[in-house]
Amino acid sequence: MSDLLLDVIEVGKTFARGGLLSRETVVAVNKVNFQLAAGRPEILAIIGESGSGKTTLARMILNMETPTSGRLLLDGSDLAAISDSASRLAFMHKVQPIFQNPFESFNPMKRVERYLLMTRRRFAGAAGESTAAADVDAALHKVGLSLKEVSDRYPHELSGGQLQRVAIARALLAAPKLIVADEPVSMIDASLRMSIVNLFKTLRDDLGISIIYVTHDLATAYYISDRIMIMQKGSVVESGDARTVLKAPRHPYTHQLREAVLLPEVTSAAPNITPSINGLISPGAPERTA
Amino acid sequence: MTQANAGQPHGDRESQPLLSVRDLQAYYRTSHSGVRRGIRAVDGVSFAVRRGEIYGLAGESSSGKTTLIKSIAGAIKPPLEIVGGSIEFAFLPGYGGLHRAPRAEVERIRWRHLSYIMQGSMNVLNPVRRVKSAFVDFAYPHIGGGRKQFEQQVIAHLARVRLDPSVLAAFPHELSGGMRQRAALALATICRPGFIIADEPTTALDVVVQKEVLGMIRGIQRETGSSVLFVTHDMGVHAHITDRLAIMYAGRLVEEAATAEIFRDPLHPYTKSLISSLPRIGEDAPRAGLGGAPPNLADPPSGCRFHPRCPLASEMCSQEVPVMREVAAGHRVACFAVDRDVRA
C-alpha cells in the first residue's frame, strides 16, 4: 500500500456561472497540493474566509464534488475510480464527514439512535445484529455519551453540543482513517465548544484518526491543529506547522487574518478600538458597487 | 459627549439611564387542547443602559437574549408575552415599554430615537427595492427638508462608513455582506438616534471585515453619543467594543460589570468557565469546556438555573434563586458562593 493516506495533487475546481450568452468561470480551488501520511495521525486545519474555496476542497476530499483538474488519491487509489456502490462503501469506510450544523445533518422526524443503528448495519452488515446496540453504545462512549442518554430522543431534544457528538459517534461507527470536519464547532455554544474541540484531539491520539479541520477560526485552529493551510481565493497562500505559521506569519494575508482576530481580553482601560473619526469622514477610497 | 447630545439639552437628565429594564419577565405561552405550556425565556432581568455607552449582552443560544431584545424593541407577538416588569426609555417615559405605547408614539421614535442593526441586514433592506428607498422610507420622514438636501446628507453619511454614493442605486443583493452591513449601519445612524439595538451585527462577516465594521460602529457611536445595546455570543467582539458587559444564562442575568473587569476578574462560575475556555493564539495550555448542557427553559432547574453544572453548587443553590447583588463598585453577580466569599 501507499505510505500516504491522502495525496492531493494539483487539484482544482471551477464552476461555470451565468447563462447562454454571458458565461464566466469561477475558480473555486486552484491547484492545491498536500499530503497526509498514513500511520501518523494528525490534525490539519484548512483556514479561509467565505469564498476562499475551503469548503469546496473539503467536499472534493469527501468525494461529494469532482475536481475539474488534478487528482485525489486515498490510500493510493484515485477517487475518480469510485463508480459502484461497493467501492463507494469502501471509500466511506475510510473517510467520514462532520458538518457545521448538526440539526441539519439529522432528520428531525427520526430518533437519533436510528441513524446510528442504520450506519452500523451499513458498515458491519447484518451479520453481527446481536451486537448492534453494544457497538453503537461503544461508539457513543468514545464521544462521552451513552446509548441510554440518546435512545428515544429526537434531534431537537438534544443540545447542539450533544447532537454534534452523536454525529461524531456516527462517523466513528465506520472506523474511518480520516474525518473531514467542516466548521464543526461554529454552531456550538461557547461553553460546549471546547469539549468538542478536545474530543478531536482524543480521536487523533487514542483512535489514530487523522482530521481535516475546515474553519475560519484561527484560535481553535491554533489550539488543536498540528499543521495549517491558509487559503485565499482558491489558492493555498501559506502552510506549515500550526504554531510557526500563526505565531510568525509570512504571507501578508495570513498576517492580516492574524491581526483581525479579536482577543478575548481587554488590554487597556479603554476598549481596544481606537476609532479614527477623521479617517471615517474623509475616506481614502470609498467602495463602489461591483 | 455633551456636545454630541446637543439634540437633547437636558443637563439634569444626563446622569439618568437611557434605558432601564426592571424585573422583566417574558414568556412564550402556548395552550394546546387545554394543556398550557410556558417557556420562561426571560425571567426577572434588570439592568440599565447609560447615555453614551455600549452595553454588551452575552449569552449562548437559548439563553433568552433574543427574547430580551425583542421585548425591548417592542416586537412582541404571541406566543411571546410580557408577563411582568417594565421597560423604560428616557425618550418614551410613562408607558413601561414600546409594546404599551400608542402607535403614533412608536412611529415618532422609531429610527429617530431608537434604531436597529441586525445580523442579516437583508432583513432591513427590501430585496426588490434599491438601497436608496430604505433611506427615503425610514429616515426622510424624520429629517425632512428638501429631497436634494436629504440626498446630500445621506451621501455624506455614507462616506462615514466608506461607501460610495453609487450604493444608493444598487439592490441589496448587489452588495457584498460587509457593504450591506455598513449600509445598514448608515441607515441606523443617519437620524443620530439616542439608542441603537445591535443584534449580532457582525456575526455573519469575515474576520477582517468584522473588525472594520466594529471600528465604524465605535467611531459613529463616539461621534453621535448614542447608547448601544450590543448583543452577541462572541466574547472576542465584546472585549473589543463594549464598555460594560452583562452575561445571561438560561433567561437570567448572572453577572454584570465593566467589560475589562469581566475579562480580568470574572466572579460567577459560569462566566469564569466561559472566559477560561476561550482559546488564544500563542497559548498552549489545555482548555476544558463546561460539562453538561444548557437547561430546557420549558422546565428550568429550581433555584439557580446554573446549579446542575456548577462546581461550587451547594444545597441552597437548588432551592433559592440568587439575586443580582453588587459585590464591588459597578460589579453585580447573582451567586450564593460569591456572596459568601465577599462576606468572608
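Helices here are DSSP runs of at least four residues, and strands are runs of at least two. On that count, chain A of this predicted model has 12 helices and 10 strands. Of its 290 residues, 41% count as buried. Look next at contacts in chain A between residues at least 6 apart in sequence: 65% of them join residues at least 24 apart.

Now turn to a sheet in chain A. Strands of a sheet pair through backbone hydrogen bonds, either parallel or antiparallel. This sheet is open, has 4 strands and pairs antiparallel. Its order is S2-S1-S4-S5. Strand S2 (24–37) and strand S5 (77–78) form the edges, each pairing on one side only.

The nonpolar cores come next. In soluble globular proteins, nonpolar side chains tend to be buried together. The largest core in this model holds 99 residues. Within that core, B:Ala183 and B:Leu229 have the most contacts. Helix H6 of chain B, residues 177–189, gives the core its largest share, 7 residues.

Which residues does B:Leu229 touch, leaving out those up to four places away in sequence? The partners are B:Val49, B:Tyr55, B:Leu57, B:Ile69, B:Ile197 and B:Ala198.

Another core lies apart from the largest one and has 76 residues. Among them are A:Ala181, A:Ile196, A:Ile209 and A:Met231.

Definitions and conventions: Residues numbered from 1 in each chain as written. Chains lettered and ligands numbered in written order. Predicted model: local features only at pLDDT ≥ 70, side-chain atom pairs only at ≥ 80, totals over all residues. Pairing = 2+ DSSP bridges. Core = buried A, V, L, I, M, F, W, Y, C linked by C-beta atoms within 7 Å. Buried ≥ 20, exposed ≤ 12 C-beta atoms within 10 Å, placed from the backbone. Contact = placed C-beta atoms within 7 Å.
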